[in-house]
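Let's look at this structure together, one feature at a time. Ask whatever comes to mind as we go.

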Amino acid sequence: LPGISIGKARQILQQTDKIIKTFPEVESVFGKVGRAETATDPAPLTMIETVIKLKPRSEWRDGMTTDKLKQELNTQVKIPGVTNAWVMPIKTRIDMLATGIKTPVGIKVSGPDLQEIQRIGEQIEPTLDKVEGTSSVYSERVAGGRYINVDIDREKAARFGLNIADVQEMVSSAIGGMNVTQTIEGLERYPVNLRYPQEYRDSPAKLELLPIVTPTGAHIPLSDVANITVVDGPPAIKSENARLTGWIFVDIVGRDLGSYVKDAQRAVSENIKLPPGYSLSWSGQYEYMERAKEKLNSIIPIVISLIVLLLYFNFHRFSEVLLILSTLPLALVGGIWLLYFLGYNLSVAVGVGFIALGGVSIELGVLMVVYLNQSLEKHRKAINQNNPPSVDSLVKESIIEGALLRIRPITMTVTATIAGLLPIMLGTGTGSEVMRRIAAPMVGGLFSSIILALVVIPAVFLVWKRNAIKITN
């Protein structure tokens with residue numbers, strides 16, 4: 001929480017690093033507390049970032065997975081006042097630069113007063129902690145910082161011949177330090193900072209004794225010209241859309257983002273009453289998912305419309321277009337079953353896999369219908385020359401002949417596609433988590449689509465064409 005000293009933060013950092021390093025799967029641990037000298041890393045002293053490098057999976061314990069390792073780390077790294085969020089380093093940095101939220105789900109509380117924003121965040125913390133799937137919740141204490149306030153007395157300073165700038169310069173150089181020179185070590189350059197030793201400035205009482213040299217050469221303590229107090233204040237001030245904000249970080253486990261956020265929103269709306277002028281916005285990876293869902297909701301109808309239009313231009317009959325489009329829902333069945341078996345949640349990557357599956361399944365349907373039509377046209381003359389009772393047998397023979405011609409091409413197409421996707425399904429390298437979720441719908445859907453293409457489409461085509469030819473005759 002805000003107000004922690006640098007020494008205590010360093011001690012907690014060392015403790016967490018030592019605990020994490022005891023795990024046999026961990027090769028090295030490097031922790032950082034506070035912020036770097038860059039505008040892209042606005043991290044307060046209360047934020048610890050630890051990069052964990054893992055050993056090759058061949059050296060892991062039997063049955064150990066990344067999720068199990070996160071669970072064990074979460075149970076072991078338990079320090080009062082510290083909440084954990086186990087996320088990938090590069091992905092976390094990108095998320096923080098894009099939305100500011102480094103956890104899968106984040107809440108931004110906006111309003112005019114930081115104290116009220118902090119109070120709302122403290123109420124949301126226990127509310128979300130009861131939602132199923134919550135791993136950790138941390139609400140920033142936007143008004144919980146501690147500051148040493150040096151209030152200069154102008155009249156007392158004037159009696160010693162000092163002005164405000166003189167006192168402020170002494171305070172800033174003695175406590176904060178002043179760069180007096182620069183040292184060059186090869187290609188590296190380091191500033192040399194000069195300030196009082198820590199034992200002279202580690203408490204308000206010692207700060208009151210800091211000496212000030214007056215223009216007359218007299219040495220007086222800082223307390224003669226200033227009042228030194230400890231006051232509360234914001235550790236950092238954040239704003240979005242010209243409104244003050246406070247962030248709440250939520251890490252989840254064992255649930256998908258969509259269903260979790262729905263339950264969390266319901267819990268917050270039922271238990272938290274926002275004062276007038278304050279609002280909540282949900283951010284983090286959930287924000288990406290909502291944006292992708294909006295795009296998919298607009299793109300998918302356009303894509304299906306184009307597919308229907310192209311199929312109609314090719315077959316010139318809506319009946320055959322509908323027959324081919326019937327491959328889509330049945331192909332989705334296999335993909336959904338494989339996702340359920342593997343325990344994958346619906347995500348953007350899964351949606352991309354289903355889109356690719358739809359293209360392949362429609363391709364298989366087109367191949368089958370085209371050859372069924374060609375075989376039927378070849379037998380059309382014989383059908384017209386025979387009596388109506390022989391129509392059934394001739395239609396059946398033509399469809400069987402056309403379907404048999406497509407068994408090998410369709411089987412080879414599906415087999416080659418699945419064989420190409422198996423390395424992705426079985427891979428464990430970098431990025432495999434996303435790629436497996438793209439490949440899984442295609443692998444499962446191709447198994448069901450091949451059954452559809454080889455069995456269901458010829459049967460439906462037989463019933464449809466037989467009735468159509470009888471009516472024509």
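Q: How do the residues of the lining of the second largest pocket divide into nonpolar, polar and charged?
A: In this predicted model, the lining has twelve nonpolar, eight polar and five charged residues.

Q: Which residues lie nearest the centre of the second largest pocket?
A: Of the 25 residues that line this pocket, Ile-4, Ser-5, Ile-6, Leu-45 and Arg-146 lie nearest its centre. The space in the pocket comes to about 1,000 Å³.

Q: Which element gives the most to the lining of the second largest pocket?
A: That is strand 5, with four residues. At least two residues each come from helix 1 (6-21), strand 5 (145-152), helix 6 (164-176) and helix 7 (204-207).

Q: Now to helices: how are two packed helices described?
A: The angle between their axes and the distance between the axes describe them. Here, the axes of helix 10 (residues 318-325) and helix 11 (residues 327-342) come within 5 Å and cross at roughly 5 degrees. Angles under 35 degrees count as roughly parallel, so helix 10 is roughly parallel to helix 11.

Q: Which residues of helix 10 and helix 11 meet?
A: From helix 10, Leu-323, Ile-324 and Leu-325 meet Thr-327, Leu-328 and Pro-329 of helix 11. By class, this contact has five nonpolar residues, one polar and no charged ones.

Q: What about Glu-199: where is its place?
A: Glu-199 sits in the loop between strand 7 (188-194) and helix 7. With a relative accessible area of 48%, Glu-199 is partly exposed, because exposed means over 50% and buried under 20%. Glu-199 and Phe-160 are 39 residues apart in sequence and, C-alpha to C-alpha, 27 Å apart in space.

Technical notes:
Residues are numbered from 1 along each chain as its sequence is written. This is a predicted model: local features need pLDDT of at least 70, side-chain atom pairs count only at pLDDT 80 or more; totals for chains, interfaces and linings use all residues. Side-chain values use heavy atoms; hydrogens and water are left out. Axes are lines fitted to C-alpha atoms, for helices over the stretch in contact, and angles run from 0 to 180 degrees between N-to-C directions. Angles under 35 degrees count as roughly parallel, over 145 as roughly antiparallel, 65 to 115 as roughly perpendicular and the rest as oblique. Contact means heavy atoms within 4.5 Å. Ala, Val, Leu, Ile, Met, Phe, Trp, Tyr, Cys and Pro count as nonpolar, Asp, Glu, Lys and Arg as charged, and the others, Gly among them, as polar. On a 1 Å grid over the protein atoms alone, a cavity is a set of points where a 1.4 Å probe fits but cannot get out, and a pocket is an open set with protein on both sides within 12 Å along at least five of seven lines; lining residues have an atom within 4 Å of a point. Grid points are joined across faces, edges and corners, and a volume is the space filled by probe spheres set on the points. Buried means under 20% relative accessible area, exposed over 50%, partly exposed in between (1.4 Å probe, protein chains only).
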